[in-house]
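Here is a short tour for anyone meeting this structure for the first time. Have a look at the sequence and the model, then read on.

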Amino acid sequence: MSTHDFIRLVALGALVLGSTASAQSPFDSAQGKPNLGTPISEAEIAAWDITILPDGSGLPPGSGTPSDGARIFATKCAACHGENGKGGSAAALVGGRPLTSGIETTKTIANFWPYATTLFDFTRRAMPWPRPRTLTNDEVYALTAYMLSLNKIIGEDAVMNAQTLPKVRMPNRDGFIARFPERMP
Amino acid sequence: MTGYTLSDSVAAQQLADDAWSTRAGAAIPEYGVPSSFEKSASRTLSNPKGEPRTQHARTPHHLLNGTFTPNGLHFVISHSGAPDIDPAKHRLVIHGLVKKPLAFTLDALGRYPTVSRMAFVECGGNSAPLFSNEPVQATAQALHGLVSCAEWTGVMLSTLLEEAGIDPKAKWLIAEGADSLALSRSVPVAKALDDAMIALYQNGERLMPGNGYPMRLLLPGWEGNMNVKWLRRIQLTEMPGMSYYETRTYAPILPNGKAYQFYFLQEVKSFITHPSPGLTLKGPGFYEVSGIAYSASGRIAKVMVTADGGKTWAQAALQEPVLSKAFTRFRVPWRWDGGPAILQSRAWDEAGNVQPTRAEVIAQRGTTRAAVTNAAAFPSQHYNGPTSWAIERTGEVKHVYA
């Protein structure tokens, strides 16, 4: 770069700086953020707010027992998951081999799932396959109780609700290792 | 057509005009499709009738070249099909541990500052057949077809989170789709603020329905399933949701019976696409060996290629520009002497990560007890070891372990 070019560049820089400092350019990115989101209340989001956290946050009122669940299962679930959850076109919901049987061992509620809350969450958000999110909260509690009872994780008469479900300790609760612990919040 | 299936007799013919040169061609369609001679460059489908189970559509890497995947050939995994979303009715809601819950229409997002970036997306289960104790005979499409690369354009998620105001207690966000499963995954807020995008465009056009139309979460380099498609809700939380897909499906079992959780990264990997099974060599002579390499940890720094199963190595040329968390095409000229050869590639990324050998992967992650017979099976996840192609005297290419 010649001295002449350098002086021209400095002059140009001063011009640009000067214009942004004094004039209100509509292209000045410091004018503000877009702020085009529409405020929405948690009440308005309620129908979509279906997350159940592992501590039980989000669990709705209601309750159900394994025997309630067995009746619902027979009419709404058994067509795909088989009689008594033994499996059909969709996964078996009962049983499972030890995880030391090999890396390709089929993962089940009994041998793998670490949190009972996930059973409620996934059943409510995704099942039954052809008509998801049509089960009542009582029905989801009952089906969750039924699946846990089938796998002998809870007793046959246990009542599942927002207080009892998060306390259920799944057999494989401590079976997991964070792959990148340094990236875990 | 590929360089590997050229007729030997082309040069010996007397040249003459063919029919297509002696009359005007076909009308140009509104939306173009590839030549009728390229029908084999299609995705393979695991569930073509859309039965009530997961669908996989795999990218034909052995029939493509360059660094990005055409939209119609981008891989898709959908656990419940592709919803037919009316973009005018779609909403993205950000709520939970924020100062001000917000809803965004597609039109509103269209007014935000946008950015474009190349990024690969890879299913955690891509390359899973390589966990088989015996090599599965299958194409690069069948083995590695669950990774693709596109230019994504959208709004940085950090911009929207800043507008909603993150509560300092928030450590995770739970992203959820508008699909029938309302598929949900938990993402550390640090990743969301780093380089996460609400992607609205894919290779210049609106997202494909199977890739998340009208908007998806893009987490460059991170496990495909976390890049939630048909995104409609982001909830800021103190803890992860421990959803079905993060605690069950995408948590690979280790040989000691424990399992990895929150695998997050698609680690440095490469594989050779040319030649590869299905591309038969037509006699000794010159061939270009080429393939793709990528890493969640930045740019690809180096790719080495061997043709003798690892005894000697040559450094491949990397196609510029080499972009972070995107496909890098590598190429190296090779003269085949007509004898048996074993081709393999290994990649290094700029963070210093080396693609592990297969022995290293297996030592840590195990292998199946019985040979895998179905190339579409997922005996485990997150295989990033090398792939070896044996060239037989006939020119046929076979998958081997070397």
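Between which two helices of chain A does the loop with A:Pro128 lie? A:Pro128 is in the loop between helix H5 (116-126) and helix H6 (137-150). Helices here are DSSP runs of H or I with at least four residues, strands are runs of E with at least two, and both are numbered from the N terminus.

A quick word on the ground rules: this is a predicted model, where local features need pLDDT of at least 70, side-chain atom pairs count only at pLDDT 80 or more, and totals for chains, interfaces and linings use all residues. Residues are numbered from 1 along each chain as its sequence is written, while chains are lettered from A and ligands numbered from 1 in the order in which they are written.

Chain A has 6 helices and 4 strands, running α-β-α-β-α-α-α-α-β-β from the N terminus on. Of its 185 residues, 31% count as buried (20 or more other C-beta atoms within 10 Å of a residue's own, with C-beta atoms placed from the backbone; exposed is 12 or fewer, partly exposed in between).

Most peptide bonds are trans, and most residues other than glycine have a negative phi. Here are some that go the other way:

| Item | Value |
|---|---|
| A:Met127 to A:Pro128, cis | omega near -10° |
| B:Glu320 to B:Pro321, cis | omega about -5° |
| A:Lys152 | phi near 60° |
| B:Phe264 | phi about 55° |

A:Lys152 sits in the loop between H6 and strand E3 (160-161), and counts as exposed because it has 11 C-beta neighbours inside 10 Å. Over in chain B, B:Phe264 is in the loop between strand E14 (259-261) and strand E15 (269-274); B:Phe264 is buried, with 24 other C-beta atoms within 10 Å.
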